[in-house]
Amino acid sequence: TDLDQFITGLPKAELHLHIEGSLEPELMFALAARNGIEIPYASVEDVRAAYAFSNLQDFLDIYYAGASVLITQADFHDLAMAYFDRAAADGVRHAEIMFDPQTHTDRGIAFATVIEGLLSAMAEAEAKHGLTSALILSFLRHLSEEAAFEVLAMAEPYLDRIAAVGLDSSEVGHPPAKFARVFAAAAAKGLKRVAHAGEEGPPEYVVEALDLLHVDRIDHGNRAMEDAGLVRRLAGAGMTLTVCPLSNLKLCVVGDLADHPLDRMLAEGLRATVNSDDPAYFGGYVADNYRAIAKARGLSRDDLATLARNSFTGSFLPAAAIDRHL
Ligand code: HPA
Ligand code: ZN
């Protein structure tokens, strides 16, 4: 349709994407076969049937298990290339992708294997599609502060190829404060900072991400809407929120997309963006997310253009590159 073409044609950046969450069931089976790994599913349909989640933890258990088929540098390359091909087809011109080193190093995969595979796909995506990208090294918040420091140490030889650190996994009970020191160490090394906050956790976690982690973006941020003072603060600071509509639906952060707060965020002056989070698990890539939320909330083309513009202004691209995309 017309709207589909408008959405695909809008130049977009994707700012909230977990590369492990782009592992489609077909590739999971192919990599399991290639690496001789057993997975607890009989078929691709069987895998998709398992993707019925009632909260974040339900999803995380399946997401970490799925990543067990990723072994070699070629696996990480193929994973990322499949994402970049889909993103390019959706009109994504720039992607800032999160990866979770601990999901791999904790099962004996070398950090270098993971990052070299991702970096080679990033170079190929730029050559093939003109799609630029950046890496966000994400700490698993259900693990310790000490373990996060170990990740930062492993990343040391690659710091010139990493844009930012991030914070993901089980939110409630693992507040941003737990990672204040490792985020300060990352900042001292010149890295930008993002953190998931206010997905399931309370508005106070968003405040902690601002005050204790000094983040450049908030990932999700939905529950900030419960605190009017916090909304004014985020709007006044020009803070970018990386919102993920289909993720919010699948993880029951919202009961129905018709109740999603995205357009209220825009109306309150928040710099919201639309992203896919874990597209293989949540039923859609970035254009699917724009389409679904446009339909559910009756967004105008102006709203959609604002969201796409926000995705570039909220990116870690240099100012001159942002201007070229606007
Ligand atoms: N929230 C927290 N951790 C995650 C997510 C998410 O949406 N996706 C992958 N890891
Ligand atoms: Zn996420």
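I began with the secondary structure: the chain has 17 helices and eight strands. I took helices (H or I, at least four residues) and strands (E, at least two) as DSSP runs, numbered from the N terminus. Next came overall size. The radius of gyration is 18 Å, close to the 20 Å from the globule rule for 326 residues, so the chain is as compact as a globular protein of that length. That radius is taken over C-alpha atoms, and the rule is 2.2 Å times the number of residues to the power 0.38.

I noted that this is a predicted model: local features need pLDDT of at least 70, side-chain atom pairs count only at pLDDT 80 or more, and totals for chains, interfaces and linings use all residues. Residues are numbered from 1 along each chain as its sequence is written, while chains are lettered from A and ligands numbered from 1 in the order in which they are written.

**Whole chain.** I read the C-alpha trace along its principal axes: about 50 × 50 × 40 Å. Buried residues make up 48% of the 326. Buried here is 20 or more other C-beta atoms within 10 Å of the residue's own, with C-beta atoms placed from the backbone. I also looked up contacts, meaning C-beta atoms, placed from the backbone, within 7 Å. Of those with a separation of 6 or more, 76% join residues 24 or more positions apart.

**Strand β2.** I checked residues 92-99, strand β2: eight of its eight residues are buried. Which strands pair with it? Pairing needs at least two DSSP bridges. β1 (residues 12-18) runs parallel to β2 over five bridges. There, leucine 17 stands opposite isoleucine 97 of β2. β3 (residues 132-140) is also parallel to β2, joined by six bridges. Alanine 95 has serine 133 in β3 as its bridge partner.

**Ligand 1.** I listed the residues around ligand 1: His18, Gly21, Leu56, Tyr63, Asp168, Ser169, His196, Glu199, Ser247, Asp277 and Asp278. The cut-off is a C-beta atom, placed from the backbone, within 6 Å of the ligand. By class I got two nonpolar, five polar and four charged residues. Ala, Val, Leu, Ile, Met, Phe, Trp, Tyr, Cys and Pro count as nonpolar, Asp, Glu, Lys and Arg as charged, and the others, Gly among them, as polar.

**Asp278.** I placed aspartate 278 in the loop between β8 (271-274) and α14 (279-282). Is aspartate 278 buried or exposed? Aspartate 278 is buried, because 26 other C-beta atoms lie within 10 Å. Beyond neighbours within four places in sequence, aspartate 278 contacts His18, Gly21, Tyr63 and Ser247. UniProt's unreviewed entry lists Asp278 under "binding site". Such annotations may be inferred rather than shown by experiment; positions follow the numbering used here, and feature names are shortened.

How values were computed
A residue is buried if 20 or more other C-beta atoms lie within 10 Å of its own, exposed if 12 or fewer, and partly exposed in between; C-beta atoms are placed from the backbone. Two residues are in contact if their C-beta atoms, placed from the backbone, lie within 7 Å.
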